[in-house]
2 protein chains.
Amino acid sequence: MKNADVHHPIFDEIADIARTLGHAHRLVLLRHIADGELAVEQLTQLSGIALANTSQHLQHLKRAGLVQTRRDGKRVLYRLADGPIENVLAALRSLANHRREQIRELINDTMSRPDRLENISREELVRRMRNDEIVLLDVRPQEEYAAGHLPGAINIPVDELEERLAELPREKVIVAYCRGVQCVLSADALAILRARGRASRRFEGGFPEWLTSSLDVDGMNYDSG
Amino acid sequence: MKNADVHHPIFDEIADIARTLGHAHRLVLLRHIADGELAVEQLTQLSGIALANTSQHLQHLKRAGLVQTRRDGKRVLYRLADGPIENVLAALRSLANHRREQIRELINDTMSRPDRLENISREELVRRMRNDEIVLLDVRPQEEYAAGHLPGAINIPVDELEERLAELPREKVIVAYCRGVQCVLSADALAILRARGRASRRFEGGFPEWLTSSLDVDGMNYDSG
DNA sequence: CCGTCATTCAATGTATTGATTGATTGATGA
DNA sequence: TCATCAATCAATCAATACATTGAATGACGG
């Protein structure tokens, strides 16, 4: 048994801390407290959170051991507890920024290169197929599909697309392909799909390019040599 | 306004991530996933979490962008998403351990100074009395009790204690007191109580010290001047 | 001692989260 | 095509978390 105890209480303790950080108000309060000792009312003003609510969130932070208090006259001053709290905050910030970056890149990419918005590369296709983010649509006639097609592709010939639209899941991006760069079937399909408000893109290479690549043609894993 | 926007959406995004980490089951699942790609059923076995529940927590992790999936035949394999996820987990672990250390030290302190464990200060007595955490036990003879006693105290003379043990609530800590530092009645009482497995401590000052303090003697609030 | 200020407590209604059950989807192989 | 297996979905109930309100506490200054 190489893994540590699965029911080790440390998991609950970590979860407690994480849950305490799991509310924007508390993060805002922590951020201000990290700049130096502050009283409750100052914190309400800096954060815009109602007084009693601020107090409750502060107590929550205190219970979790993230802040400490001392009294100064009528006021109660909050400060960060010791321990590597700022490390945790920094790591979380960093992870959140990483995620934002990724999203921003996606948007910029598609905005600045409109063909990218339409066409999808083989690499992106494979990657997002693995992530289960897209559904592949083969718009060639049924006979051609039967003779061979990309793994996982659904076959709806372009002239049946309008009426069979319901077969395509709404929550995924639809990637249409046909015979290759000169073939216009998939472009037609895109026009139909987009008119119906479906997120959709085109795999320009089509079936021929796929064949010449080293990837499997049918029914096998995407990731085998 | 020297502070960055208080309502910056990054706070919500960080909170999302933190909240996702705020459940022991998800932490356990993440830990296993971090060791390598795993299918849902494997994870249920490793973690002991029910199947549908495991699946739901995994989806939660996926929504928050902490894991990614790919399909392999019938199975769906989960792996860590990229980004500094392990940093966050490491930072949290480290903070939780820090907290454990501190608690352990506290315990050791009280262990190494057993008198601390036995005697209770006037301040702690008042505070925990307010919190309803303790029950006060006057072990002097009935006549002395009748002549004046600490507010809220129950009277059970020490020689009746064994047989009247049932009068004392099991869920509270019992604080025994008698005439003062030289008086051994409360020490005897402690021996009896502890032999019966009751959590108990001693208020060494006894009734005399209480009288000389500014606190009320009987039937009144603890907090009026 | 009394009134005031800063904070906390207590109580309430509402919203969210988590566990469980049984049904459903999707891929596989006979 | 059907039976099977892995995973997800959908619906439900119980438990928690949040925000808000008004009352209570604790320290201060007159």
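Okay, let's start with a term: a residue is near a molecule or strand if its C-beta atom, placed from the backbone, lies within 6 Å of it. Before I use that, a word on the model: it is predicted, so local features need pLDDT of at least 70 and side-chain atom pairs count only at pLDDT 80 or more, while totals for chains, interfaces and linings use all residues. Residues are numbered from 1 along each chain as its sequence is written, and chains are lettered from A and ligands numbered from 1 in the order in which they are written.

Two or more residues each come from helix 4 (51-63) of chain A and, in chain B, from helix 3 (40-47), helix 4 (51-63) and strand 3 (75-80). Helices here are DSSP runs of H or I with at least four residues, strands are runs of E with at least two, and both are numbered from the N terminus. Helix 4 of chain B has the largest share of that surface, 5 residues.

Now over to DNA strand C. It has 22 residues around it, with A:Ala39, A:Val40, A:Glu41, A:Ser55 and B:Ala52 the closest. Here helix 4 of chain A gives the most, again 5 residues. By class we get 8 nonpolar, 10 polar and 4 charged, where Ala, Val, Leu, Ile, Met, Phe, Trp, Tyr, Cys and Pro count as nonpolar, Asp, Glu, Lys and Arg as charged, and the others, Gly among them, as polar.

So how do the chains meet? In chain B, 40 residues are in contact with 38 residues of chain A; contact means C-beta atoms, placed from the backbone, within 7 Å. Helix 5 (85-112) of chain B is one of the elements supplying at least two residues to that side, and with 12 residues helix 5 gives the most. The side of chain B that touches chain A splits into 19 nonpolar, 12 polar and 9 charged residues.

Last stop, inside chain A. Who touches whom? A:His25, A:Val28, A:Leu29 and A:His32 of helix 2 meet A:Leu43, A:Leu46 and A:Ser47 of helix 3. That contact has 4 nonpolar, 3 polar and no charged residues.

Notes
Two residues are in contact if their C-beta atoms, placed from the backbone, lie within 7 Å.
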